[in-house]
Amino acid sequence: MNAATQDYNNLQSSSDKEICDQLATIINENLPDAENKIWHAHPVWFLDGNPITGYSKLKNCVRLLFWSGQSFDEEKLVNEGSFKASEIRYTSPEQINKDDLKRWLKKSIEIQWDYKNIVKRKGILERLK
């Protein structure tokens, strides 16, 4: 695991740390070509500079975000924001369904919107894959 991501996880309460550690492990296993770094104060995974997934500690949960998740056609993922992102929130490590997460990560490779160039395109998203 990326040292900065591990540092982020270590700052969480024990239950939230377990959620974060599980998420990071599963994401790293299923996105082996992704770059992981802290971006806007949270762990994020990128493919070719494009943000794919990441998580953040909110007041009462850990939120897992998929930047292109609205295109995944997955009922457990909830739309987030005005672009193509979707999320799922966890309050305990037992809520993480590894099969669902692996499927979403596979889709995150296959379905991507170009967030890397969103500023250059003045807020317009184009589909990459």
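This is a predicted model: local features need pLDDT of at least 70, side-chain atom pairs count only at pLDDT 80 or more; totals for chains, interfaces and linings use all residues.

Biologist: How far apart should the ends of helix 2 be?

Modeller: Count 1.5 Å a residue.

Biologist: Which residues of helix 2 are buried?

Modeller: Buried means under 20% relative accessible area. In helix 2 that applies to Asp16, Ile19, Cys20, Asp21, Leu23, Ala24, Ile26 and Ile27.

Biologist: What covers those buried residues?

Modeller: The cover includes two other helices, helix 1 (3-10) and helix 3 (98-110). It also includes strand 2 (42-47), strand 3 (50-57), strand 4 (62-66) and strand 6 (86-90).

Biologist: Asp16 is on that list. How buried is Asp16, and what does Asp16 touch?

Modeller: Asp16 sits in helix 2. Its relative accessible area is 10%, so Asp16 counts as buried. Setting aside residues up to four places away in sequence, Asp16 touches Lys57 and Val62.

Biologist: How many residues does the largest nonpolar core have, and which have the most contacts inside it?

Modeller: The largest nonpolar core has 25 residues, and Leu23, Tyr55, Leu64 and Leu101 have the most contacts inside it. At least two residues each come from helix 2, strand 2, strand 3, strand 4, strand 6 and helix 3. Helix 2 gives the most, with six residues.

Biologist: What is Leu23 in contact with?

Modeller: Leave aside its neighbours within four places in sequence. Leu23 is then in contact with Tyr55, Val62, Leu64, Tyr90, Ile96 and Leu101. Another core, of eight residues, lies apart from the largest one; Val44, Ala85, Tyr115 and Ile118 are among its residues.

Biologist: How do I read empty space?

Modeller: Rolling a probe the size of a water molecule over the atoms shows where empty space is left. In this model the largest pocket has a volume of about 360 Å³. It is lined by 21 residues, and the closest to its centre are Trp39, His40, Arg63, Leu65 and Trp67.

Biologist: Which strands supply the lining, and what kinds of residue are in the lining?

Modeller: Strand 2, strand 3 and strand 4 each supply at least two residues of the lining. By kind, the lining has twelve nonpolar, six polar and three charged residues.

Biologist: Where is phi positive in a residue other than glycine?

Modeller: Ala41 is one of the cases, with phi near 75°. Ala41 lies in the loop between strand 1 (35-39) and strand 2. Asp73 is another, with phi near 60°, and belongs to the loop between strand 4 and strand 5 (78-79).

Biologist: Is Asp73 buried or exposed?

Modeller: Exposed means over 50% relative accessible area. Asp73 has 73%, so Asp73 is exposed.

Biologist: Where does Glu126 lie, and what does Glu126 touch?

Modeller: Glu126 is in the segment after helix 3. With a relative accessible area of 39%, Glu126 is partly exposed. Not counting residues up to four places away in sequence, Glu126 touches Trp113, Asp114 and Arg121. Glu126 and Asp114 are twelve residues apart in sequence, and their C-alpha atoms are 5.5 Å apart in space.

How values were computed. Residues are numbered from 1 along each chain as its sequence is written. Side-chain values use heavy atoms; hydrogens and water are left out. Helices (H or I, at least four residues) and strands (E, at least two) are DSSP runs, numbered from the N terminus. The expected span of a helix is 1.5 Å times one less than its number of residues. Buried means under 20% relative accessible area, exposed over 50%, partly exposed in between (1.4 Å probe, protein chains only). Contact means heavy atoms within 4.5 Å. On a 1 Å grid over the protein atoms alone, a cavity is a set of points where a 1.4 Å probe fits but cannot get out, and a pocket is an open set with protein on both sides within 12 Å along at least five of seven lines; lining residues have an atom within 4 Å of a point. Grid points are joined across faces, edges and corners, and a volume is the space filled by probe spheres set on the points. Ala, Val, Leu, Ile, Met, Phe, Trp, Tyr, Cys and Pro count as nonpolar, Asp, Glu, Lys and Arg as charged, and the others, Gly among them, as polar. A nonpolar core is a set of buried Ala, Val, Leu, Ile, Met, Phe, Trp, Tyr and Cys residues joined through side-chain atoms within 4.5 Å.
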